[in-house]
Amino acid sequence: MQDPCTGVKSQPLRLVITTIPHAITGEDIVSWLADRFQTGTQEARHLGSMLVALGYIYPLQNHKRLVIKPDASLYRFQTPYFWPTQQLPVEDTDYAIYLAKKNIRKKGILEVYEQEQYNHLHKWMNHKWDFIVMQAKEQYRAAKERKKPDRVVFECQERAYWVVHRPPPGTVSAMDYGLDRRVDPNVDETKTPDFYERIMIFTQQSIMRPRVKSSVSIGAMVKYCSTYSGHDPFLSKCLPSNPWLTDDVTYWKQNLHNVEIPTKMRVERWTFSFRELLSDPRGRDDFRLFLKKEFSGENLAFWEGCEDLKWGTAATMKEKAEQIYKTFLARGAPRWINIDGKTMEITVSGLKHPHRYVLDAAQTHIYMLMKKDSYGRYLKSPVFKETTKKAVCPEEHKFTETQLEHNAKNRRPSVSPIVLWQQEQEQKAKMAASAPVDITQLCRFTTPVPHLAVYSGFSDSPSTDTSPSLPFLTQSPACPSPISVALDSTSASERRLEASEAEGDRNPDCGASVGGNTCRPRMPLSLRRLLRRGCTPSSMFASLSPKCHSAAGTSSRIQPISREDPSQAPPRQVGNFFQIKVDIPPECRIYPIESEDEDEERRAASRGVGAKEIICPWESLTSQNGTS
Amino acid sequence: MSLWRWSVDELALQRLSYITSCFHHMVACVGSSADGHFLREQMEESRRRAERVVSALSQRLLCQLSGSTPSMLKDRKSSERLWVNFLSAVENFLSDMRKASHLIGWFPLTDRRTLVNTGAVDGLVVLEASPQESWISLEEEPNLDLNTQICRTEQLLSELQLRVPVFLWAVECGNPAWFESGTELDTPDDSLEDLMEVVTHSNKVSSCCCIRASK
């Protein structure tokens, strides 16, 4: 670069005292770089700035600003001693000596930040301070013995060096590279047995790694790119305009979390994958609304609760886990979620010693459930169609130069994130408070499938007083519930038959475990058996209790549950996930989600009380879980 | 007797300091346009001298501090201070030597065109022969290679730290933080800003550092 023929034109720098050779102008540097590397001027400027910022070239005027100015401002090459390489480490001792020298030279007048550094070093290097002062004096004296121009040059060099390595406050340092590496990658590694062992482990792991065909992975990448390319603000236009470029914040305003009407692009992203839908707060709201209409809101609520647990503070973890258990997982919980027995078991046993990821299995189950099931229906639902229709597609801004300047002048800070966070918390609290409402509405339309409880039941006598669900009783014989319609008619009728017959037999066996033969209307209804998407057992009991009373009267004896097994067999297959909708029946579906092992487990459990019962760590066997 | 001894040691330390600062200046010129064979020779010369001073001083201080002579507390303190300063000086010199070896490796002086045009023309700081070095018993060592010297100095440093039970950080310094430099340094010294005033073609003197008003 300094070659007299092909390098940057250098000129002598004329000072008052003398002339110093080898000064170069910024514009010459930039043009040379552009020429040499065959790039544009912008690129050359960036490269030049990097060189200056790293300290290979230093500016002679305005020495604190380490950029290249493509005009007649002057620069000079830095001596190799002051180059920023790892082999020439920067030491605090050297800096202390430099500051001491400067102190001598300027008789105590240093810049503020330098003074602070000086004091700091004095404190931490107190034991060396005599040496530092002595060395500073000696170096100063030695410098004086040099010729004046050389002395000037050296002092400029040193000053530039320390501007790079101890930048003044408020400047961005190019030296910020994070932590030092433990090992120097350029050094040859000694071949110890440990070294070979590491190589062996590495190669073994490479062999064991699962492999995907490159065609497959490339296909996936191509698919991803083609899906998202229209949405990437770097690759395609950002409507209405990119705020970073035009200083117009409409884009951000339109894409806030709680905006009423989302943009078309945003809505389109929700169709890409379930993850996209959930990660966008507006999308999640929409999905929540949809689930509310379908009475399966507890899935999403549970999932959100799990996320909250995972990402929350450690102090609140235990309470959160307890809360989630009580709300979603316990027997008779108000927003009971439907997960299979194995997962339930793992979760509940894990809850004895709650930690952040204790609900992971259940959360994954619910997530997959929502993804495979609700998500598809959401995309076809009227809620989504409505949202898509209302979604707005903003016009592209076309700002003129003056308008851009005007925008730049009118930049304002946006809403503080603290305020936004508070709003979100309020929203959450509001939602939590109103959560159970959607569930009771449900019960008019559900049929309790009176499958037998497997687990120890619990009494819910107080709830027998609730009457609102009574009407459904009248409905069920007269107008079959939507579920029955969807079912195979034989099985439905069979079920209904059984329902009336077997009522009496349904008295809990586990009543025995608690204290025997009581005629109390304990409904051993397994929540798993019940038909619900948010159907509270209390309402179920209420609906059933009249029957029960009558039945109890007839058969006061308590029959072992196992007896009912055969009678249960057919309905069990149908009784699981019913899709209950407020609107017309034909869309009801049955979800054969419960696994085979669940069936077996049920059977096994129903065979006797001695079978494994899932016991909540927070409640005893006999406690009334009621409406918690 | 002890008074004389202290002053000798302190002078020796000062001498070492002087030599190392000259070395520092010279190393800063390696690879630049001020580099040259003569500079390199001077560097060799200075580091050899430094080596001599270092070894001699280390022996003396070692005797004093690890010796069983029950010295007074005050003596002990100043002796410790001297020790700390000496170790710091050796460390500093060592780091300069390491840098020098890297730089010499990169700029082998075979081709003058590879040297960086830094504007410096002559990097020499001529080392004065000091009569004070005569007290050092001259054991004519064979001429040490730079790298060998580096290794030897490293070994010496670690050895010294092991043998003398002085806590480096426990030693307090004698100088106040914001010392006033002695008058002998206050030569009428143009500040850097003055020196940097550039004469432009239009005969207007504009300041490089934007501090002084134009004349």
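**View 1. The second largest pocket of this predicted model holds about 640 Å³ of space.** Here a pocket is an open set of points on a 1 Å grid over the protein atoms alone, where a 1.4 Å probe fits, with protein on both sides within 12 Å along at least five of seven lines. Its volume is the space filled by probe spheres set on the points, which are joined across faces, edges and corners. Lining residues, those with an atom within 4 Å of a point, number 21, and Thr85(A), Gln86(A), Pro89(A), Tyr177(A) and Asp180(A) lie nearest the centre. Twelve of the lining residues are nonpolar, five polar and four charged. Nonpolar means Ala, Val, Leu, Ile, Met, Phe, Trp, Tyr, Cys and Pro; charged means Asp, Glu, Lys and Arg; the others, Gly among them, are polar.

**View 2. Helices α14 (residues 297-311) and α15 (residues 317-329) of chain A have axes that come within 10 Å and cross at roughly 170°.** That makes α14(A) roughly antiparallel to α15(A), a term for angles over 145 degrees.

**View 3. A cis peptide bond joins Leu239(A) to Pro240(A), with omega near -10°.** Pro240(A) sits in the loop between α8 (214-228) and α9 (243-246) of chain A.

**Notes.** Residues are numbered from 1 along each chain as its sequence is written, and chains are lettered from A in the order in which they are written. In this predicted model, local features need pLDDT of at least 70, side-chain atom pairs count only at pLDDT 80 or more, and totals for chains, interfaces and linings use all residues, while side-chain values use heavy atoms, leaving out hydrogens and water.

Notes
Axes fitted to C-alpha atoms, helices over the stretch in contact; angles between N-to-C directions. Helix = DSSP H or I, 4+ residues; strand = E, 2+ residues; numbered from the N terminus. Parallel < 35°, antiparallel > 145°, perpendicular 65-115°, else oblique.
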